[in-house]
Amino acid sequence: MLRRKPTRLELKLDDIEEFEGARKELEARRRPREEAAGGEDAAGPEPRSREQAVNERIGYKPQPKAGGRPAPFSSLEF
């Protein structure tokens, strides 16, 4: 493997201006999306947790667990 001296990178004023312009453009695109997403969440009937949102998105419907131990002979009818 050939070794060489590290190259020097110089940041020019044009580069900084180009970066600032790209950053502002990205923020301008992002802002309407965030406002639209925020409005949809607030308009919903109830706030959902992240876990509920993921389960809904992937189509998973967890079954509620029965609380505690079942009472003896609870399934028998007399």
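**Exercise 1. Which side chain meets Glu27 in a salt bridge with an N to O distance of 4.0 Å?**

Before we dig in, a word on the ground rules. This is a predicted model, where local features need pLDDT of at least 70, side-chain atom pairs count only at pLDDT 80 or more, and totals for chains, interfaces and linings use all residues. Residues are numbered from 1 along each chain as its sequence is written, and side-chain values use heavy atoms, with hydrogens and water left out.

*Solution.* 
- Step 1: recall the cut-off, a side-chain nitrogen of Lys or Arg within 4 Å of a carboxyl oxygen of Asp or Glu.
- Step 2: the partner is Arg31, at 4.0 Å from N to O.
- Step 3: Glu27 and Arg31 sit four residues apart in helix α1, so about one helical turn separates them. Helices are DSSP runs of H or I with at least four residues, numbered from the N terminus.
- Step 4: Arg31 is partly exposed at 49% relative accessible area (partly exposed lies between buried, under 20%, and exposed, over 50%, with a 1.4 Å probe and protein chains only).

**Exercise 2. Work out which salt bridges Arg23 makes.**

*Solution.* 
- Step 1: go to Glu20, whose side chain meets that of Arg23 at 2.5 Å, N to O. Both lie in helix α1 (residues 13-43), three residues apart, or about one turn.
- Step 2: check the accessible areas. Arg23 is partly exposed at 35%, Glu20 is partly exposed at 28%, and Glu27 is partly exposed at 32%.

**Exercise 3. Which residues gather in a patch of negative charge on the surface?**

*Solution.* 
- Step 1: set the rule. Patch residues have over 30% relative accessible area and no salt bridge, and like charges are joined within 9 Å; Asp and Glu count as negative, placed at CG of Asp or CD of Glu.
- Step 2: the members are Asp14, Asp15, Glu17 and Glu18.
- Step 3: look at Asp15, found in helix α1 and partly exposed at 34%.

Notes
Helix = DSSP H or I, 4+ residues; strand = E, 2+ residues; numbered from the N terminus. Patch = residues over 30% accessible without salt bridge, like charges linked within 9 Å, V, L, I, M, F, W, Y side chains within 5 Å. Areas by Shrake-Rupley, 256 points an atom, 1.4 Å probe, with all protein chains shown as cover.
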